[in-house]
Amino acid sequence: MKDKILLFVYLSLLVLVSLVHSYEWLLGILSLLCITVFLLPLKKREKVKILKRSFFSVFFFGVLVSVPYTTVGLFIGDNRFDYFLMINTRTLDLTLLTFVFLEVMNPFKALDFSKNLSLLLVITSSYALVYNKVLKDFKDAFKSRSAGSRIRGEDFKHYLTRLVVYFFDKSKETSEDIYIAMKSRGFYYD
Amino acid sequence: MIELKDISYSYEGEMVLKDISITIQEGEKVVLLGINGSGKTTLLKVINALIFPQKGVYFYCGVKIDKNKMKNRDFVKNFRKEVVLLFQNPDVMLFNPTVFDELAFSLRQLGFEDKEIKKRVLYWADKFELSPYLDKPPFKLSGGQKQKLCLACLLVLEPKVLLLDEPTANLDPRTTGWLVDFLYDLKTTTIITTHNLSLAGELGERLLVLGEDHTIIYDGRVEDFLKDEEKMLKAGLLHKHKHKHGEKEHTHYHLHDYL
Amino acid sequence: MHIPDGFIAPQVYVPAYFLDGLFLIYAFRRFKKAMEERMIPYIASLSLFSFILMSIAVPLPGGTSVHGLGIASLSLLLGPWIAFICVSLILFLEAVIFGEGGITTFPINSIAMGFLGSFSAFYAYTMLKKFLSDKVSLFLAGFFSTLVSAFFMALLLGIHPYIFKDASGKPLYFPYGFSIVMPALLLPHLVVSTGEGLLTYLVVRLLRGRISHEG
């Protein structure tokens with residue numbers, strides 16, 4: 001129940017903050033969020049990580065969009081710094097808000113009003129980490145056996161082919177594994 | 001030959017290797033022991049220049065290995081010929097259409113001539129009993145054969161440093177025995193990881209143990225470590241649980257013998 | 001494309017959530033009927049496959065490489081509805097579980113890439129195959145579907161400065177109109193689309209023999 005309430009609070013705040021257009025308010029919200037991050041029951045390193053991740057998540061797109069827009073404004077005599085502050089602060093606010101709530105809320109529990117959805121999320125995310133690790137090993141093995149940047153097209157095609165077939169077959173196996181595991185734990189559908 | 005000075009590596013905020021300093025001479029046979037998660041695979045990847053540590057320096061034959069050095073194509077070509085890594089999961093190494101192509105792959109990549117390639121491939125295929133499969137796809141082989149094939153793919157290069165990540169983890173006892181024999185006769189510098197204590201003595205003379213704190217907690221002879229209960233406990237390699245000797249039930253520290 | 005929160009107005013993303021939700025629930029129901037207890041394993045594993053396809057970098061002639069998406073491939077191999085569900089699941093996981101952010105842009109991505117991407121690939125292939133070779137149709141289906149997704153995104157972004165502005169005309173969300181967003185988004189996506197076309201061709205030809213029509 002707690003997670004569903006948190007979800008509701010989070011969604012409401014998300015929409016509310018999206019509707020704020022004054023950069024003063026948004027900066028205030030940002031300070032509140034930063035304070036909240038430091039109050040979270042986490043190690044210092046993890047708190048810094050949250051802030052860093054939020055920043056980098058928005059940095060690229062934020063700069064790409066707002067910097068040219070503001071710069072053009074300079075040339076045509078239109079002061080667009082309010083816009084610059086507003087859009088970037090709000091983006092940062094929303095992203096930080098999301099990361100903060102993800103730390104205190106269990107998304108699987110929050111979404112378990114639909115049993116199917118919750119199951120799908122848990123199963124897929126746990127296997128995704130495994131798959132990702134295997135993919136990384138494939139890439140590392142390829143790197144370890146080749147001479148660097150000059151790779152023959154033919155070889156890369158073999159490699160890509162193998163990746164696709166391997167993971168497709170693996171996903172079929174995974175499907176069977178999941179089915180059997182679910183059956184043995186008593187899942188039925190009505 | 002290999003020199004690691006104060007190497008530290010962390011991934012996504014988690015420490016994986018801490019203040020690792022080791023020197024390995026040419027021809028040494030080193031066993032890297034540690035429980036799962038202690039950082040063994042990561043250390044091998046650092047030595048194979050697949051990942052770069054955030055702190056510390058790695059010297060290979062006196063040359064500092066870092067991202068920049070690994071951008072030098074001539075150096076990389078040579079390095080990848082001399083320092084090779086056998087991955088724990090053999091599937092991730094195999095992707096060529098035939099066993100022959102698989103064995104020839106690295107040789108082709110690193111610029112060997114066709115005649116030389118053919119010679120080496122046939123030699124090693126024969127040595128590893130893979131000759132009947134030369135025109136079959138690699139992934140159709142059995143688990144043990146795949147492992148042999150992966151090893152053969154590395155040995156065709158006649159490397160100077162052989163890094164093996166848990167090579168016996170998926171092998172049956174017979175193939176394990178074959179591997180131990182094979183490695184015994186090899187003159188190459190080897191670093192082999194395992195979490196199997198009883199096998200450690202068979203795989204090398206020098207033992208490096210990675211502790212749960214991600215540092216090297218032992219560097220010395222295998223026999224001496226096996227006598228030191230305290231060190232083994234610290235490494236998480238010894239455990240205690242209820243069991244019976246005959247009719248009496250009790251607990252004490254012990255190992256399980258895997259062979 | 002990863003658009004962070006804050007550039008799309010809630011008046012757009014809230015309805016988008018409802019619309020996307022309806023489509024997804026409908027797609028789900030279709031499969032539940034056909035597959036019952038095998039539905040979850042099936043969707044989960046195909047989503048995992050889709051996840052891998054999204055992580056593959058396709059090298060292009062000229063030296064660069066792009067990240068594929070695999071949406072067209074999935075749609076052509078298994079049908080647009082399942083592709084829609086799987087892609088959306090992965091997008092959701094990336095936003096929520098893997099912490100990429102972009103909660104407000106999720107429904108838009110799901111509709112643009114998952115829904116429009118899958119269906120445009122499917123119908124493009126069906127039509128093109130009538131008078132072009134299979135190879136070319138596959139490539140063009142992948143190429144076209146990526147452009148359709150990009151076009152929809154550009155449309156949605158470009159509309160913002162016209163509708164969402166303050167009293168003095170200053171934009172409140174995304175600031176660029178169609179004349180800028182369209183070329184800015186579509187031109188680079190020509191490269192991405194080429195990569196996707198190649199990936200679609202490769203994947204579909206490789207795997208179509210292995211699909212035993214599992215529903």
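Mentor: Two strands count as a pair if DSSP finds at least two bridges between them. The model is predicted, and the part to look at is strand β4 of chain B, residues 55-60.

β4(B) is joined to strand β5 of chain B, residues 63-64, by two bridges, so the pair just reaches the number of at least two bridges. The two strands run antiparallel. One of the bridges has B:Phe59 facing B:Lys64 as its partner in β5(B). Together β4(B) and β5(B) make a hairpin, with two residues between them. B:Cys61 sits in the turn and has a positive phi of about 50°.

β4(B) is also joined to strand β1 of chain B, which covers residues 2-11. Here there are five bridges, and the direction is again antiparallel. In general, strands of a sheet pair through backbone hydrogen bonds, either parallel or antiparallel.

Chain B also has an open sheet of six strands, in the order β6-β7-β8-β3-β9-β10, with mixed pairing. Its edges are β6(B), residues 83-86, and β10(B), residues 216-221, each of which pairs on one side only. From one strand to the next the twist averages 15°. Within this sheet, β7(B) (161-165) and β8(B) (189-194) run parallel and are joined by five bridges. B:Leu162 has B:Thr190 of β8(B) as its bridge partner.

As for confidence, chain B has a mean pLDDT of 85, and 91% of its residues reach 70 or more. The highest value in the chain belongs to β7(B), at 94, and the lowest to strand β14 (253-254), at a mean of 60.

Next come the neighbours of chain B. It touches chain A, through 21 residues of chain B and 20 of chain A. On the chain A side, α3, α6 and α7 each supply at least two residues, and α6(A) gives the most, with eight. By class, that side has six nonpolar, five polar and nine charged residues. No contact joins chain B to chain C, and their closest C-alpha atoms are 12 Å apart.

Of the two pairs of chains in contact, A and C share the most contacts. In that pair, 51 residues of chain A touch 45 residues of chain C. α7(A) gives the most to the chain A side, with 15 residues. This side divides into 34 nonpolar, 14 polar and three charged residues.

The axes of α7(A), residues 153-184, and α8(C), residues 178-207, come within 10 Å and cross at roughly 55°, which makes the two helices oblique. The crossing is right-handed. In this contact, eight residues are nonpolar, one is polar and none is charged. On α7(A) they are A:Leu160, A:Thr161, A:Val164, A:Val165 and A:Phe168, and on α8(C) they are C:Leu202, C:Val203, C:Leu206 and C:Leu207.

Terms used: Residues numbered from 1 in each chain as written. Chains lettered and ligands numbered in written order. Predicted model: local features only at pLDDT ≥ 70, side-chain atom pairs only at ≥ 80, totals over all residues. Contact = placed C-beta atoms within 7 Å. Axes fitted to C-alpha atoms, helices over the stretch in contact; angles between N-to-C directions. Helix = DSSP H or I, 4+ residues; strand = E, 2+ residues; numbered from the N terminus. Parallel < 35°, antiparallel > 145°, perpendicular 65-115°, else oblique. Left-handed = near helix turned anticlockwise from the far one by under 90°. Nonpolar A, V, L, I, M, F, W, Y, C, P; charged D, E, K, R; others polar. pLDDT = per-residue confidence, 0-100.
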